Amino acid sequence: MDSGQFPIEQVRGVFPALATTDDGRRRIYFDNAAGTQVPQHSIDRITDFFHRYNSNTGVFNSTSVAVDAMVEETIGAMADFLGTPDPGEVIIGANMTTLTYQLSRSLAHRFAPGDEIIISRMEHEGNVTPWLQMAEDNGLTVRWLDFDRGSWQVEPAALAALLNDRTRLLALNYASNLTGGVNDVKTLAALAHEVGALVYVDAVQYASHRLIDVVDLGVDFLACSPYKFFGPHLGVVYGRRELLDSLHVYKLRCASDELPYRFSTGTPAFELIAGLLGTLEYFQWLAGLMGAEGNRRDQFAAAYRAMGDHEDGLSARLLQGLNAIPGLNMQGATTTDNRVATFSFTHDKHSPSTIARGLSEAGLFCHWGDNYAMEVARALGLDPVEGVLRLGLAHYNTREEVDTGLDLIVQALA
Ligand SMILES: Cc1ncc(COP(=O)(O)O)c(C=O)c1O
């Protein structure tokens, strides 16, 4: 096939959920910002785990040996996905929030009363409440970092104004799950490092849209959630080896002290870890369709380039349609620059919950409310319960779905 053309039919063909119907009607999944569908590669890996080697780890049974090998392979593939050469820096856990709580408890040992932490107002609560509670428990001062309503990102000058020699931590979003705005994490992390602060990045919303490179970003920690990038319900955190090695860790006395396992509490969800491997293999499969060559990281990069290009076209089409609807107020950038395909809006006459009910009943899947981006909703002066109507695109969506979706939205807002 033409390597420049996105193989949308082949892609959709490996996501069984996309062919599922409700009373004969195809679903339009525009709820991807809350969780994505899963390719057959991932489903097969999960089924295969239960068929062939469902067991616990660390003994000589063939099943256990297979589990150990699978977990190691997944961690290695995840390291390539995140851009670190060191698999010891990749912690897999229940979800982003649980891992962030766990790390906040460990990090608290490095901070003293009177120390300061900075939390941006672009965050999902998963990167807010754990730090607020850490600050409360340990007498730390919290400084809030505003985002700019024009650029829809945190401006370096705003961060610079808050940094001082007591700053210990910056909690920063890569992409907002409400506005879709993307932060210049590399520049902001470098600024925070100038005063010796650690940088904890929430890349949950970013990870399905653009490939992450933790080494290039120069961050200390970065969290993401596979269920937001076509995998199972898990969380993953990258942490710099020196930090993970030296952190006070809450673990059982008998559990491994080796990285990354020193942060594994209890028995992992092996079947989901197998599913994550399948997702990463899906990206490689897609790269193959695009005619890409090279190592695993090169293949991830090729897949993400292709997915991103296709998605950017959909975003431009959707935005053009939304911008033309009278009374509709975008809560985020009205162009495709510097954003991911997560779109939120309010309307002069109709509440988000009313619009969402109508769209969901018509088969256009969407979300509404503050979407746990409480600080963003507050900063934008949104109704705390109603929030926004949110649409999130993924690379398996089509132009036809965007056009049908726009028609349904126009009807709902008439
Ligand atoms: C930006 C962002 N951060 C964090 C989270 C929480 O992730 P998890 O469900 O893995 O705890 C979400 C989930 O919606 C999110 O969108």
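Select helix α4 and helix α5 to begin: α4 passes α5 in a right-handed crossing (a crossing is right-handed if the near helix is turned clockwise from the far one by less than a right angle, and left-handed if anticlockwise). Helices (H or I, at least four residues) and strands (E, at least two) are DSSP runs numbered from the N terminus. Helix α4 covers residues 96–107 and helix α5 covers residues 129–138; their axes come within 9 Å and cross at roughly 25 degrees. The axes are lines fitted to C-alpha atoms, for helices over the stretch in contact, with angles from 0 to 180 degrees between N-to-C directions. The two helices are therefore roughly parallel to each other, a label for angles under 35 degrees. Display the side chains next: T100, Y101 and S104 in α4 meet P130, W131 and M134 in α5. Contact here requires C-beta atoms, placed from the backbone, within 7 Å.

The model is predicted: local features need pLDDT of at least 70, side-chain atom pairs count only at pLDDT 80 or more, and totals for chains, interfaces and linings use all residues. Residue numbers start from 1 along each chain as its sequence is written.

Now colour the chain by domain: domain 1 is 8–30 + 295–412 and domain 2 is 44–279, with bounds from an automatic or database domain assignment. Their C-alpha centres lie 26 Å apart. At the boundary, 27 residues of domain 1 are in contact with 27 residues of domain 2. On the domain 1 side, select α11 (296–323), β12 (342–347) and α13 (374–379), each of which supplies at least two residues. Helix α11 gives the largest share of that side, seven residues.

Proceed to the largest nonpolar core, which has 120 residues. Such a core is a set of buried Ala, Val, Leu, Ile, Met, Phe, Trp, Tyr and Cys residues joined through C-beta atoms within 7 Å. Select M78, V199, V201, A203 and L222, the residues with the most contacts inside this core. Helix α10 (residues 270–289) contributes the largest share, 11 residues. Both domain 1 and domain 2 give residues to this core, so it lies between them. Centre the view on L222: beyond its neighbours within four places in sequence, L222 is in contact with L82, V201, A203, I212, V214 and Y238.

Finish at E242, in helix α9 (residues 241–246). E242 is exposed, with 10 other C-beta atoms within 10 Å; the cut-offs for such atoms within 10 Å are 20 or more for buried, 12 or fewer for exposed, and partly exposed in between, with C-beta atoms placed from the backbone.

Note on methods: Contact = placed C-beta atoms within 7 Å. Parallel < 35°, antiparallel > 145°, perpendicular 65-115°, else oblique.
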